Amino acid sequence: MLLIGTCLGSLVLIVAVTTRAQDKLQLAREQHSVEQAVQNTVEMAIHDLQDYAKWDDAVRHISQKLDTEWIADNVVAYLAGTQGYSHVLVLDGSDNVVFARVPGGAIKEAATLVAAREFRREVANVRAMPVTGNPIVGGYVRLGSKVYIYTVAQIVPVTEKVRLPERSTHLLAIARPIDSDFLRSLADNQQVQQLSLVLEPVRAGSQVALGGVGGKTQAWLTWKPSTPGAELSRGILPLFLIVGVLTLAVGALIVRLGAGTIKALQSSETHARHLALHDALTGLPNRRALMQHIESLAADSADLTLLWHDLDGFKDVNDLYGHAAGDAVLRQVEERLSAALPCVFVARVGGDEFVAVLNAPSVEDIHHATGAVLGAFAASFLVGTYQIRLGVSIGCAGLGGSSLSPSELMRRADAAMYAAKSQGKGCWRVFEASMDHVHHLRVTMEKDLGEAIATGGIEVVYQPIVDAGSNKIVAVEALSRWTHPVHGTVSPDVFIPLAEQVGMIDALGRHVLREACRASAALPIQLSINLSPAQFWDQNLVRDISMILEEAHFPSERLEVEITESYLLRQPQAAAEILEQLRGTGVTVALDDFGTGFASIGYLRQLPLDRLKIDKQFIKPLESGGRGLDLVCAISALAASLGLEITAEGVETEEQAAMARLAGCSQLQGWLFGRPMAMSDLVDLLETTATSPARQVA
């Protein structure tokens, strides 16, 4: 009995200590989570305000001349309408409210907030900051029984084109109250219970202080801590009592221990089976479980349909944001698929491939399921501070009364999915017999493309780039071409995305660069070459370029790499580091297709660039004059202010060339000066232009 009592007492002690530690860990997790959320809320408010306060147009329309309509259209529309700030205020140099957007339009409420002691101190702190930096602060302020999240910033210019008035600068401020909606949202996001705002600290329990000026606490957030350990102990305490009664007999104790051992083995076996049949990242069934499920339904003569989902653009997520962000996106994909397809068997069968099994669906069921999935991908995925948009292509294949094997059914669904991708992505297609040919063709082209890259079957052609003043060829852009032994000429719009999908783009890029450097090493012109997203974010990029330049004895200062702005500017800080490494080797950098992405002046100033290449969609309208010329002139002026050279792409007529020169473009490129050509034709063209007089510049 002493042995039994000691064992039971030890178990009770272990459970008590373990559950108490579990409760402490849970409280610490909730404490850290709420603290981080409080800090992130202020940081987000600062981030929201910063772009509007540090803005040339804001100085013009607020500091130089107060334009309330402009403020409403350009500032309030986003900060209040989109981001949900209840208070948007403008203070003049004497800290008087000259514009206010508050609930119900109550200027008095705005004046009361501005008159608050803590708020006035923050205003003084902001005014003490230099205008050349980021004069902005944020925090929490208490006004009576209300607590507000606020941010105050000086309105200062981004560039030197706009000057501040000599009087004190205007201030832009935003605020929102910590109300029930805010607390409810915060509680849901941080998974805490009974979150509330109090104006006095509680003696015990969980609480997080809301700091104001100089760290002075304005209020506290408090909540009811979760106690998973206590709940567990309450649940298992009756079991200990039962075990204590049963263990009065030595034989019963032995039987109990034996039963416990068997149960542990069964639980371990169940867990092992679960791991063998489920994906570790998403928790969904894996390919093996999917095969078993299909076989089980087919054995019961059930009619079933597979929906094969493949994410559109997921590879760019890993390339641009890292694999951790990719994993987070996949977990969110699982949540959206599970919500869109309730009570449906969904499995993850590959990196970004998911399969749903519909049991005996009607045509309406299939339409409803695919529509629900496509609708679930309409919203962007939130990963940290990034909003990532992904699409999904869906392939549909069913038994239809036939006796197909699970692997054949999956193959058909996969083929239908690729058909959906080829028809524009973001849609769904039902398997047809003709898709087998397309699928076979794609597999064949993958194999042939790999062989072509390895054996030098990818041809490199060169398009001239001329000096705008003399029409002399000063550079060429290297482009890749592929002639398939069966299908003839394959467009780069086909084989380059194919190379990206199957992981061959790095090898293709190295081949084109190596061949172009070798062929043009002896020519007195500059060489320009494009980098794909996968190449640019490859950690071996700089090493590979340096090695190829050394092998070809090609001067690095004659090489210019082109990067498309749409993917470069998603991570400007990381991109700037890579560009600095490239320029450190002597290579120059051009921002290609400028105007088609979302570049801002602030981003362009961060990036170490040498040239902007205006996209051809801006050059074509030059023939008609009007605002097309004004737009190109504005881009040229922007480039000049940043110290960048500028190239006009897609020049096809003499009139376009003349207008591009007039707009300030230093180089011209397009069919007017030559289409992509072989190196031998380029050499002949260079010899011809060298011996003939230059064309008269319009």
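The following dialogue examines how terms applied to this predicted model follow from its computed values.

Student: What is the overall make-up of the chain?

Tutor: The chain has 698 residues, of which 45% count as buried. Its secondary structure comes to 25 helices and 24 strands. The C-alpha atoms fill a box of roughly 110 × 80 × 50 Å along the principal axes. Among contacts between residues at least 6 apart in sequence, 66% join residues at least 24 apart.

Student: Why is Thr305 called buried?

Tutor: The relative accessible area of Thr305 is 8%. Buried means under 20%, so Thr305 is classed as buried. The residue lies in strand S9, residues 304-312. With residues up to four places away in sequence left out, Thr305 touches Ala356, Val357, Leu358, Pro361, Ile366, Cys396, Ala397 and Gly398.

Student: Which residues have the most contacts inside the largest nonpolar core?

Tutor: They are Tyr462, Leu559, Val561 and Leu668, in a core of 110 residues. For Val561, the residues touched include Ile529, Leu531, Ile545 and Leu582. Val587, Thr588, Val589 and Ala590 are also touched by Val561; residues up to four places away in sequence are not counted. In soluble globular proteins, nonpolar side chains tend to be buried together.

Student: What makes Met1 exposed?

Tutor: Met1 has 64% relative accessibility. Exposed requires over 50%, so Met1 counts as exposed. Met1 is placed in the segment before helix H1 (2-53). Together with Val245 and Leu248, Met1 forms a nonpolar patch on the surface, with about 350 Å² of accessible area for the three together.

Student: How do you know that S1 and S2 are paired strands?

Tutor: Pairing requires at least two bridges between two strands. Strand S1 (residues 87-91) and strand S2 (residues 97-101) have four bridges, in the antiparallel sense. Val90 stands opposite Phe99 in S2. Five residues lie between the strands of this hairpin, and Asp95 takes a positive phi near 65 degrees there.

Student: What makes S10 and S11 a pair?

Tutor: The cut-off is again at least two bridges. Strand S10 (residues 345-348) and strand S11 (residues 353-359) pair over four bridges in the antiparallel sense. Val355 in S11 is the bridge partner of Ala347. The hairpin that joins S10 to S11 runs through four residues.

Student: Why is the contact of Arg127 with Asp95 called a salt bridge?

Tutor: The cut-off between side-chain nitrogen and carboxyl oxygen is within 4 Å. For Arg127 and Asp95 the N to O distance is 2.8 Å, and their side chains meet in a salt bridge. Arg127 lies in helix H5 (residues 117-127) and Asp95 in the loop between S1 and S2, so the pair ties together parts that are 32 residues apart in sequence. The structure holds 20 salt bridges. Side chains of opposite charge can pair when their charged atoms come close.

Student: Is Asp95 buried or exposed?

Tutor: Asp95 is buried, because its relative accessible area is 16% and the cut-off is under 20%. Arg127, at 23% relative accessibility, counts as partly exposed.

Student: What makes Arg514 and Glu551 a salt bridge?

Tutor: Their closest N and O atoms are 3.6 Å apart, and the cut-off is within 4 Å. The pair links distant parts of the chain: Arg514 is in helix H16 (residues 505-520) and Glu551 in helix H18 (residues 541-552), 37 residues apart. Arg514 counts as partly exposed at 35% relative accessibility. Glu551 counts as partly exposed at 47%.

Student: Why are Glu515 and Arg518 said to be separated by about one helical turn?

Tutor: Glu515 and Arg518 are three residues apart in helix H16, which means a separation of about one helical turn. Their side chains meet in a salt bridge with an N to O distance of 2.6 Å. Glu515 is partly exposed, with a relative accessible area of 26%. Arg518 is exposed, because its value is 53% and the cut-off is over 50%. Elsewhere, salt bridges that share partners join Glu477, Glu562, Lys613 and Glu649 into one network.

How values were computed
Residues numbered from 1 in each chain as written. Predicted model: local features only at pLDDT ≥ 70, side-chain atom pairs only at ≥ 80, totals over all residues. Heavy atoms only, no water. Core = buried A, V, L, I, M, F, W, Y, C linked by side-chain atoms within 4.5 Å. Buried < 20%, exposed > 50% of the residue type's maximum accessible area, 1.4 Å probe, protein only. Contact = heavy atoms within 4.5 Å. Helix = DSSP H or I, 4+ residues; strand = E, 2+ residues; numbered from the N terminus. Patch = residues over 30% accessible without salt bridge, like charges linked within 9 Å, V, L, I, M, F, W, Y side chains within 5 Å. Areas by Shrake-Rupley, 256 points an atom, 1.4 Å probe, with all protein chains shown as cover.
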